[in-house]
Amino acid sequence: PVVSRPLAIGQTVEATLASTDTELDDGRPFHQYTIEGRPGERYIVTMRSRAFDAYLDWGRLAAGVFDATASDDDSAGDTDARLEITLPSEGVFVLRAHALERGQSGAYTISVERRTSK
């Protein structure tokens with residue numbers, strides 16, 4: 001089973017992707033985070049790693065299946081990922097943090113902050 005970790009606005013989490021973590025269908029290990037919000041709330045989510053090329057997927061779970069609605073590879077510069085999200089509805093949203101390529105793992109940080117202006 002996939003473990004989801006809550007991620008609060010203003011929080012930065014330090015974590016390590018390992019080959020023993022839950023894997024995507026293509027074999028890449030990932031960590032799953034949840035963010036709760038209301039319609040119209042805007043967030044910036046940033047993932048940084050010196051160990052691998054960071055990649056973020058954003059979406060929702062529907063009947064236990066992840067449905068990605070946004071993803072990013074390098075918008076935070078170099079090999080770091082950033083998503084700017086505006087919530088379409090109220091509820092719990094899912095963020096999946098992983099490497100771009102199979103076989104990559106190591107330490108990373110992930111943070112979420114409220115976006116106040118465009």
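User: Happy to start with the sheet: which residue in β7 does R42 stand opposite?

Analyst: Good place to begin! This is a predicted model, where local features need pLDDT of at least 70, side-chain atom pairs count only at pLDDT 80 or more, and totals for chains, interfaces and linings use all residues. Residues are numbered from 1 along each chain as its sequence is written, and side-chain values use heavy atoms, with hydrogens and water left out. Strands are DSSP runs of E with at least two residues, numbered from the N terminus, and two strands pair if DSSP finds at least two bridges between them. Strand β4 (residues 42-48) pairs with β7 in the antiparallel sense over 6 bridges, and the residue opposite R42 is T86.

User: Which strands stand at the edges of the open sheet?

Analyst: The sheet has 4 strands in the order β2-β9-β4-β7, with antiparallel pairing. Two of these strands each have a single partner, so one side of each is left without a neighbour in the sheet. They are β2 (12-17) and β7 (81-86).

User: With which side chain does the side chain of H98 make a polar contact?

Analyst: H98 lies in strand β8 and is buried, with a relative accessible area of 0%. A polar contact is a pair of N or O atoms within 3.5 Å; within protein, one must be able to donate a hydrogen and the other to accept it, and residues adjacent in sequence count only if both atoms are side-chain atoms. At 2.7 Å, the partner is the side chain of D57.

User: Is the pair of W58 and F93 stacked or edge-to-face?

Analyst: Rings of Phe, Tyr and Trp (its six-membered ring) pair if their centres lie within 6.5 Å; planes under 30 degrees apart count as stacked, over 60 as edge-to-face and the rest as tilted. F52 and Y108 form an edge-to-face pair, 6.2 Å centre to centre with 70° between the planes. For W58 and F93 the centres are 5.6 Å apart and the planes at 10°, so this pair is stacked.

Terms used: Buried means under 20% relative accessible area, exposed over 50%, partly exposed in between (1.4 Å probe, protein chains only).
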